[in-house]
Amino acid sequence: MFLAFLKPTLRANNPLRVAGASGGRFTWNWLRRDLNVVGFGLIGWLAPSSIPAINGKSLTGLFFESIGNELAHFPTPPALTSQFWLWLVTWHLGLFICLTFGQIGFKGRTEDYFER
């Protein structure tokens with residue numbers, strides 16, 4: 001054809017697609033939910049957070065005590081200056097960090113990511 005020389009011979013590739021960047025080990029089921037991680041992670045966080053290290057009280061005890069104090073005046077929400085918010089954020093941050101590292105460690109070990 002007369003205009004055949006105007007057709008590009010190369011196709012433009014997607015610049016965001018990097019072939020083989022994960023070494024072929026990436027799975028689309030990236031969450032891979034496992035109840036072992038939840039169970040061991042919860043136990044792994046409850047044990048150290050139950051050590052009486054804050055003026056003879058544990059973080060878990062302080063958190064549950066603050067829940068009870070706030071439930072005593074239930075229809076009224078906790079004040080912004082209440083210790084409840086400190087214990088809530090601290091306790092849950094520790095729990096989520098423990099669960100995240102548990103997921104990384106448990107799945108990494110079962111899928112041989114840490115072998116030499």
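Q: Which residues make up the largest nonpolar core?
A: In soluble globular proteins, nonpolar side chains tend to be buried together. A nonpolar core is a set of buried Ala, Val, Leu, Ile, Met, Phe, Trp, Tyr and Cys residues joined through side-chain atoms within 4.5 Å. Buried means under 20% relative accessible area, exposed means over 50%, and partly exposed is in between (1.4 Å probe, protein chains only). Here the largest core has 8 residues: Trp45, Leu59, Leu62, Phe63, Phe84, Trp87, Trp91 and Leu95. Two helices, α2 (59-71) and α3 (83-110), supply at least two residues each, and α3 gives the largest share, with 4.

Q: What should I know about the model itself?
A: It's a predicted model: local features need pLDDT of at least 70, side-chain atom pairs count only at pLDDT 80 or more, and totals for chains, interfaces and linings use all residues. Residues are numbered from 1 along each chain as its sequence is written, and side-chain values use heavy atoms, with hydrogens and water left out.

Q: Which residues does Phe63 touch?
A: A contact means heavy atoms within 4.5 Å. Leaving out residues up to four places away in sequence, Phe63 touches Phe84, Trp87, Leu88, Trp91 and His92.

Q: How many helices and strands are there?
A: Helices (H or I, at least four residues) and strands (E, at least two) are DSSP runs, numbered from the N terminus. This protein has 3 helices and 0 strands, in the order α-α-α.

Q: Where does UniProt place the feature "transmembrane region"?
A: UniProt positions use the numbering here, feature names are shortened, and annotations may be inferred rather than shown by experiment. The unreviewed UniProt entry puts this feature at residues 35-54 and 84-106. In the model, residues 35-54 are 75% helix and 0% strand, with end C-alpha atoms 31 Å apart. Residues 84-106 are 100% helix and 0% strand, and their end C-alpha atoms lie 32 Å apart.

Q: Which side chains meet in a salt bridge?
A: Side chains of opposite charge can pair when their charged atoms come close. A salt bridge is a side-chain nitrogen of Lys or Arg within 4 Å of a carboxyl oxygen of Asp or Glu. The structure holds 1, and it joins Glu65 and Lys57 (3.6 Å, N to O). Glu65 counts as partly exposed because its relative accessible area is 38%, and Lys57 is partly exposed at 38% too.
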